[in-house]
Every structure is written in structure tokens, then in C-alpha cells.
Amino acid sequence: MSDQITFTIDGVEVKAKPGQTIMQAADEAGIYIPRLCYLPELTAHGSCRVCTVIVNGKPQTACTQPVAEGMIVENDTPELLEHRRNLVDMLFVEGNHLCMFCERSGNCELQAMAYRLGILAPKYPYFYPDKPLDSTHKDIFLELNRCILCGRCVNASADIDGKGVFGFVGRSIDKKIAVNSDKNLGDTNMAVTDKAASVCPVGSINKKGTAFKIPYGQRLYDQKPIGSDIENKK
Amino acid sequence: MIESLQSEVKQICKSCGNDRTKMMDIVRGVQEKFGQVSSEAMNLIAKSVNCHRVEVESVVSFYAFLSKKPKGKIVIRLCNDVIDKMAGLAPVADAFKKELGIDFGQTTPDGKITLEYTPCIGMCDQAPAALVNDEIITYLSSDKVRELVADLRKHYNPDKIIHRLGDGNNASELVHSCVHNGIRKKGRVIFSEYKEEAGLKNALAVSPVEVINEVKNARLRGRGGAGFPTGMKWQFTRAAEGTKKYILCNADEGEPGTFKDRVILTERADMLFEGMTIGGYAIGAETGILYLRAEYAYLRKLLEKVLKERRDKNLLGNNILGKKGFNFDITIQMGAGAYICGEETSLISSCEGLRGDPKTRPPFPAQKGYMGNPSAVNNVETLCCVARILEMGAGWFAEIGSKGSPSTKLLSVSGDCRLPGVYEFPFGIKVSDLLKEVGAEDAQAVLIGGPSGQIIGPNDYKRTICYDDLATGGAVVVFGPERDMVKIAAEYMDFFVEESCGYCTPCRVGNVLLKKYLDKILDGKGEPTDLDFLKSLGESIKITSRCGLGQTSPNPVLTTLKNFRSSYESKVKPATDGFQPTFDIKKALAEHESIAKRKSVIYTE
């Protein structure tokens, strides 16, 4: 097997190493493929579907699909933009996302993705689910109203922290994050220094006492759109 | 009680080798014993098998037949599939509520009987039907419900329910069920006379590669719906690196309107296990797993008996039929009520004792399947075909049927027709000919392939059933002239909303949205723009979903939008007042008016 693979993303030639995913190769090449659940240091979850690209005519998620010689990848197309907007809309309406009151505003990947994709307000009807707030842990609070079920906390706690504090329970629209206890987060061995405490893309897992250290307006995505760090590599 | 829970749960875990991968058997065992898998039981299981408690809860909360909250000793699960509704479900449901004095989702105050709805249980040709624990009761009517409940109250034992017996093996001692096979047409492959074990003997006389070539030459494709070439699947599995390999049989027949595997399992279990053994030989597996849906638990004893007889005859076990070094056996893995487990990677997850979430592909099961080992997952009917191919030869098999789709296909026909049941037809049969055969010449619509397939109208009746035109896993549901196809589409969306595993965004949320928009249209509040909206949303779900469920779940909507557009158009109208029709301004103002203690000047009459 050759030690280099060449393929194209939207007609641009990209070099990759065998075994890399489309996402990894694109990131290195400075091409941003929108994504929400993916985090480089964790096993790809492939649940948000925002990174869906068309590979040789077939939809695949960039975060899970390995590169292959000569593959033709479409990323920045009007059709995919529409699908991605629909997906982000869905994530907004299935939860209770009140950006104007949320301490994560400006640091939230979901909010930033909506802005990047040009969404001003979801077009779907809100579900207004009834979800609990768990503030039993002394350093962390869990706010499931904002959860997008990306699985980052589940994987980080199991694979990096070696704890398994989080898991998924239920199915269909009732699927949600649960903690490894018959009671609450405060009854688990979660520590604020755990990797799982700092991977949440939205405002679901929050460290207490840190919310307003950086004021609104000066936060990560207040400055530049999400994905700018990758695009700047080019 | 706590002590007994502790020792019983420990005992159940121990009987499963305290093996975390046997979680399905463990939680099923606990559920059966205690009518629930309580929070306390979850802690005990986690301790016994050395896993996190949340892992146990994630499994228990996934499957419909498992519950954290207590259920009655008897659980009545009334099938609420579209076909059951068409066959008079409403009065039957009312009778259950009246006789038991409870609503669906409730348990009688004495804690003995729980009443629930469940999706398609594979009895569409004898609907309405219900499960009473593992027991199946068909052709329900209000009178029959009254008798059933009175009977149950005498003994609270589903085995003692008085019912007539079905035909064939349904009447055997081990099945003892009122289910009937309903075989309306026997074809040349599955239901014809055949020479038992001739296929296996022929297979063992040649090399595994030659067996695979024979299956390839027969051009056998998967009978579950996706139609992947079986020989190629086996070739990949055989070629994949790994010392342990597995062949899994998908008997999780859950596509609404499909019940042909039920009949194979009842009448052709030997043929199935023969095919599975041939598959094991071909790919180099020592273990086969039959994944049996929980709804078919009533067939388990029969299947276990057939397996035992095969072991006694050295058709399973070591050095099978004298073939040195060919060791192979089959175990049965029970499901617990989840349609998604018919998806091959979900089925593998479930066999591994996990939630039935599909797995990320690649790697495909042929590379990394059950427990990370190369695995082939085949449908029940596919494996029966294998036995016949090896018995009669690839040429014989490929000659039957149409050019691109060799051999026969079992079709489960139900709905508005005079002769519902199982038909074995050569591939290539025209829909119009099929409709004549089943007594449904006046059909307004036909669902081919279950809700994940297509709903077609008379313009398409000249089309043929085969892989290249109208592909199907076996379901054919007929809708008569009086049915409202928008309503039918909405009811099928209810099914997908319930059965989505919830892993990926489009399937979890998108299907709920499709249902909401259909309800809005059915409620008379739809606008013409909603139709384009449904189409765009449906396309997004199809394109971006992670597995076959979401990639096909919008089909009831998209195919009726295409083929029955006038039915949608007659229900929508443009809004005249500039408001969204779903927004009721008077209702929205009511609370404010009551606080302000005066009526709105503009919006109140």
C-alpha cells in the first residue's frame, strides 16, 4: 500500500495518509467540514450527521469514512448546506436552547454552527421537552435541556478518564444522557478535572463558578466563526 | 424480598457465567422473574458482571419488553399495527380497557395484569392479534377479549389459556399455539418437497470455496430486503483476518406486514439450520447464532428441539457427518422488542449484550462483526435458499424467477384482500397478477416491502416484484378504496418514531417532525407549502441518517406524496388571515384576558 493517498474535496486535491478519515485529512489540509459531535481526541461518534459529505455519489460522514485513493468528496454544496441547516434546526427544536440567557453563549458550538450556516431562527416547531437540571455535584452542573446527544462525555469518561460516569438511556426521541448512579451526578466519582467535564460542545456540562469569567462579546465564536482555526491553516 | 432479589439476581448472572456480553439473557431473566429490572437489580447486575450500572440501565431502557418499573405477572401486548387497526382494533382495545378496568400503559390495581400496545407482531394475516406474555392470541374480537380476560383471571397463567390450535407444527405440543401458517401458495424452493440434508452432504463433499462459488453462481441475494449478494458476503467473511468467525441468522422479522419468516421457523426449521450449517462451513465458522425476536418466543421450544435432534444426528457438533475438523453448533439469542435489531449491526450489538444501536461502518460485519470477529448476517429465507442451492445445484435455482432476480420469494400478504397469507412466487410477478391471486382487484394502494418500502397506486400495478424494480423483504399490504392514504402514512410514521434508536439526529428528530406535519395536515390546518416542506425534510432524513432505518423511514410520506398527491392536496389550503393555522390567537390570549379581567379589543368576538 502506498504511504500517501490523493483524493479531492470539492475539486481541490488533498493528500492523506492511509487510515485517516476524510475529516482528519480535510482538517490537515485546511478545509473545514462542519461538524458537531466530532472531537479529534475521541472515538468518532457519527451521531450529529452534520459532517455528512457526498463520497463518490454516496452520503457518508466525514468523521467515520476512511480516505481512499481517487475518491471524490463533495462538501460545500447548496444541497449539503440545506441538509446541515435542517440537522442543526432539528437539534435546536428537540431541546430547550435559550441562547440569550445561556452562560455558554459565544462558546457554544451549536450556536456557532447555526450562525455559520446562516440560521437566524429554526423553521421547525419547538418540542419544549421537560428535562431536569442536575446541580448535585459540587463543581459541575448537568443541564440536559441543552444536550445534543453527541456522546463526547460518554466516550471521554469511559475511554480517557476510565470512569464510565455517563451513558445513554432510552431510545427514539426519549434517548438521553444518564449518570452512573441510581441518583444524581453528585453521587458519581466525576471530578471537575475529568476530560468529560470539558468536552461538552453546548451548555450541558458546566463547571460551576466559571460562567462569566470571559464576558459576552469576547468569547471564542464572538470573534471568528466556528471552523476559522482550521481554515486558517490553509 | 430484598434478600431474595439479591440471591436470585446473583443466580441469574451466574447462570450466564457473570458474562457482561450475556446482558440480554441476564436482564430478560430478571424481567421474567420479577416483572421488572429495578434500580436495585441494575446495581446488583452491574456488580456481578463487573460493569457500570449505567450500562445495565442503557440496555434495559432500550428494549420494549424490559422495564425499570414493575409490570404485572401477565403482560398483554395488543398489536397496534396499521393492519390491526384496519381489522377492527378499536373495539378490541376498548374491550380490554373495559374488562381490565385500566388504560393502555397501566397495570391492574392488584398488580397482576399489565396492558400495553406493541408494534407489528407478525400476525397481520390473522389480525387483530395480541401477545399474552409469550402466548399469541389471534383474530381478536370484543367477545373473545371478554372470554380471554375471564379465563386469565381464573389462573393467571398464559399457558392455560383455552384456545383452538393452528395447523402444522403450531399444533405440536411444544408450540401449542392458535397461530396458523396460512401458506396459500407453495413454490418450488421453500415450501416444496425437498431431500433433507442432501444440500449439507453435497456441501461437505466439496471445499468451502466451492460452496461459496455455487452460491455465487446461483446469484442468490439477501431475502431480508437489502438484497446483498450472499456469496460475496460469505467470500468477504471467509477472506477476513480472524481465527473465530460467526454466522448469524436474522430472525428479527419486524418490518410491519412481514410474517413469512415466522412460517419458515415453524415449518422449515431444519432447512434453515441446514443452510446455516452450510454457511458455517463456507465461511469457516464454528458458531452460529439465531437472533429470534421476542415476539416469536413461542417458537423457541420447537427450535431448541430441532437443534437437539440435529446434534443427536451429528448434523451439528464435532466432525459433522464425518467431515473431519468441521465443528459447528447453533445457539439462540432472544431479542427483547426492538425493530432496529433487524438491522444487521444493531443485531450484532444486541447479541453482544448492548443497546441495539447500529455500529459505525466501516468496518463492516464481514471484517469486524460479533465481538470484533468476522461475521456474516443472513436472513432466514436466504439460508433456506442456500440449503436448496446445494441440494439441487446453482443452475436449477437460477433458472427459476426473472433474469436479474433468480428463484422464488416469499410474500406475506395482508390488509384489504380476501386471501391474506404467505405466497411463494417466482420473482418477476406483476403486482396486478398478485392482486388477482390474493383477491384484491379493487386495491387503491399497495405497500411493497413494508413501510420502509414503497406505497404504490394503480399506475404502478404493471410493475414487477424483483430486485431491479419493486424490491421487498416480503411485506405486501393492500389498501382498499376507502382508506385515507395520508392517515396510513401518518400511522406508519408513528411506528418509526417509536422504533428509531435515537442515535442520530435526523432519524431521532426528523421522524417526529414528519409526523407532526402529517398530523397538522390531517387536522385540517395544513397549507400547500407544507407539502414541499415534507419532501425537503424527508429527503434530509434519507440522505443523512446513519442506518437503513432512517434512510427509509420517510418512504411512507415520500411515496404517498408522489403517488397520492391529490389526497394531500385536498386536505391543505392557504391561510387567509396571515396567521399560522396551528396558532390559535384566542386560546393564546385567554390566560392574559383572565388576568387582565377584560377581553381583547381586537381578537375576541
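A residue is called buried if 20 or more other C-beta atoms lie within 10 Å of its own, exposed if 12 or fewer, and partly exposed in between, with C-beta atoms placed from the backbone. This is a predicted model, in which local features need pLDDT of at least 70, side-chain atom pairs count only at pLDDT 80 or more, and totals for chains, interfaces and linings use all residues. Residues are numbered from 1 along each chain as its sequence is written, while chains are lettered from A and ligands numbered from 1 in the order in which they are written.

**Exercise 1. Find which residues of α18(B) are buried, and check the length of this helix.**

Step 1. Helices (H or I, at least four residues) and strands (E, at least two) are DSSP runs, numbered from the N terminus.

Step 2. Twelve of the 15 residues of α18(B) are buried, so by this definition the helix is mostly covered. Among them are B:M485, B:I488, B:Y492, B:F495 and B:F496.

Step 3. The expected span of a helix is 1.5 Å times one less than its number of residues. For residues 485-499 of chain B this gives 21 Å, and the end C-alpha atoms are 21 Å apart, which agrees.

**Exercise 2. Work out which strands β14(B) is joined to.**

Step 1. Two strands pair if DSSP finds at least two bridges between them.

Step 2. β14(B) (residues 445-448) runs antiparallel to β17(B) (residues 475-479), with four bridges. Here B:V446 stands opposite B:V478.

Step 3. Three bridges join β14(B) to β15(B) (residues 454-456), again antiparallel. On this side B:V446 faces B:I456.

Step 4. β14(B) and β15(B) make a hairpin with five residues between them, and B:G449 in the turn has a positive phi of about 95°.

Step 5. In a regular strand the side chains alternate between the two faces of the sheet. In β14(B), B:A445 and B:L447 point one way, B:V446 and B:I448 the other way, and all are buried.

**Exercise 3. Decide whether B:A269 is buried or exposed, and find what B:A269 touches.**

Step 1. B:A269 belongs to α12(B), residues 269-283.

Step 2. B:A269 counts as buried because 22 C-beta neighbours lie inside 10 Å.

Step 3. Two residues are in contact if their C-beta atoms, placed from the backbone, lie within 7 Å. Leaving aside residues up to four places away in sequence, B:A269 touches B:L302, B:L303 and B:V306.

**Exercise 4. Describe how chain A meets chain B.**

Step 1. The contact brings together 31 residues of chain A and 34 residues of chain B.

Step 2. On the side of chain A, α2 (78-94), β8 (166-169) and β9 (176-179) each give two or more residues. The largest share, six residues, comes from α2(A).

Step 3. Ala, Val, Leu, Ile, Met, Phe, Trp, Tyr, Cys and Pro count as nonpolar, Asp, Glu, Lys and Arg as charged, and the others, Gly among them, as polar. By class, this side of chain A has 14 nonpolar, twelve polar and five charged residues.

Step 4. For the complex, the predictor gives an ipTM of 0.97 and a pTM of 0.96.
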